[in-house]
Amino acid sequence: MTIPRSALKFDLFADSSRKGTLDELGDPLQVIARHIDFGELAGLADALIERSDGRKGGRPAYPTEVMVRILVLKRLYNLSDEQMEFQLLDRMSYQRFCLLQDAMNVPDRNTIWRFGERIGVDGATALLHGVDAQLHSHGFIARGGQAIDATLVPAPVQHIGKDDRNKLAAGQQPDWSDAKRRQKDLDATHTKKHGKGYFGYKLSVSVDHKHGFIRGVATGTASEHDGHHFDDVLDQSNTGKQVDTDKGYASAQRSATLKALGFKDGIQRKAQKNKPLSACQQRRNRAIAKRRAKVEHVFAGIRQMGGKFLRCIGLARASATMVLMAACYNLKRLASFLERGIDSFFKLKPSKRQVRLQTANH
């Protein structure tokens, strides 16, 4: 009986061959690994984490750079700790990115969770500032003005009985066990937008017009007004003075503050009862809308990074996660810019073919 031929080939060096094929196809994680200095980011995390010197024994800690890479990877794809552990065991590209391709063991879900807890809001903020420092080192300073906006970040809806809700409203604690209390998010709030209900938190950002990077970040709950964190995210280091927002930020006091600080008021005008917008005001709003679209692109980019849905409970953890969202968006965008050869003035380096043609013409 003739054995049919098979396209499958078996080789002791199959793993190395696959890595070469991945490089040829273009591994997006390796693009980030090539252009982001994770050693520098790990140094910032180390400054905030108290590590044991090992004299008391116990299992040694994983290198901080490995854990920072895992934290970034987890946020890029919005993975749970359980999913992150599985993917580190299963996916070659994840192992390479986290420097675990030759390791016999990988951090488990509890190790990943504990590292995230130890990092906290301060650690996430330090990583965001570290990425910002790398932006500046490549010349991507905040330029061209800025757009400010806020986006809702959903969290798991809490199912709390009427009696328990009444107790919470009265400042009392329901008769919950410790385990049940840990699973109840009492910080997130409800709100409505365009007639649809939301439960969770809110992320406010300032985005520069020139490069589209997040320059200012503030976090809060869903029911807070969009303008509540305006002053917190206003980037006074931007070389451009234009500040664009939607009509939700409109107020005479805010416009006066911008004028006093030397900024150009780009807040869209809001129609009043029995006082519709004039044709001139409508044209002005449309012009502002075109400029402030930059911030909507940022929110769309964050949604593409596995979505904005939170997997944590409480304002502190939610804030750390949202700040890390901003840091990961910036580092991913920076790596893309550097890989494509885009400099800080948005000049694209010529391709090899263009160089050959230019040389031939001369």
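**Cavity lining and salt bridges in a predicted model**

Guide: Helices α4 (64–76), α7 (109–137) and α13 (315–339) each contribute at least two residues to the lining of the largest cavity; helices here are DSSP runs (H or I, at least four residues), numbered from the N terminus. This is a predicted model, in which local features need pLDDT of at least 70, side-chain atom pairs count only at pLDDT 80 or more, and totals for chains, interfaces and linings use all residues. Residues are numbered from 1 along each chain as its sequence is written, and side-chain values use heavy atoms, with hydrogens and water left out.

Visitor: What makes the lining of the largest cavity nonpolar, polar or charged?

Guide: Ala, Val, Leu, Ile, Met, Phe, Trp, Tyr, Cys and Pro count as nonpolar, Asp, Glu, Lys and Arg as charged, and the others, Gly among them, as polar. The lining includes L41, V68 and C328, and its residues divide into 9 nonpolar, no polar and no charged.

Visitor: Why is the contact of D81 with K74 called a salt bridge?

Guide: A salt bridge requires a side-chain nitrogen of Lys or Arg within 4 Å of a carboxyl oxygen of Asp or Glu. The closest N and O atoms of D81 and K74 are 2.6 Å apart, so the pair qualifies.

Visitor: Why is D81 called buried, and why is K74 called partly exposed?

Guide: Buried means under 20% relative accessible area, exposed over 50%, and partly exposed in between (1.4 Å probe, protein chains only). D81 has 12% relative accessibility and therefore counts as buried, whereas K74, at 21%, counts as partly exposed.

Key: 1 Å grid on protein atoms, 1.4 Å probe; cavity = no way out; pocket = protein on both sides within 12 Å on 5 of 7 lines; lining within 4 Å.
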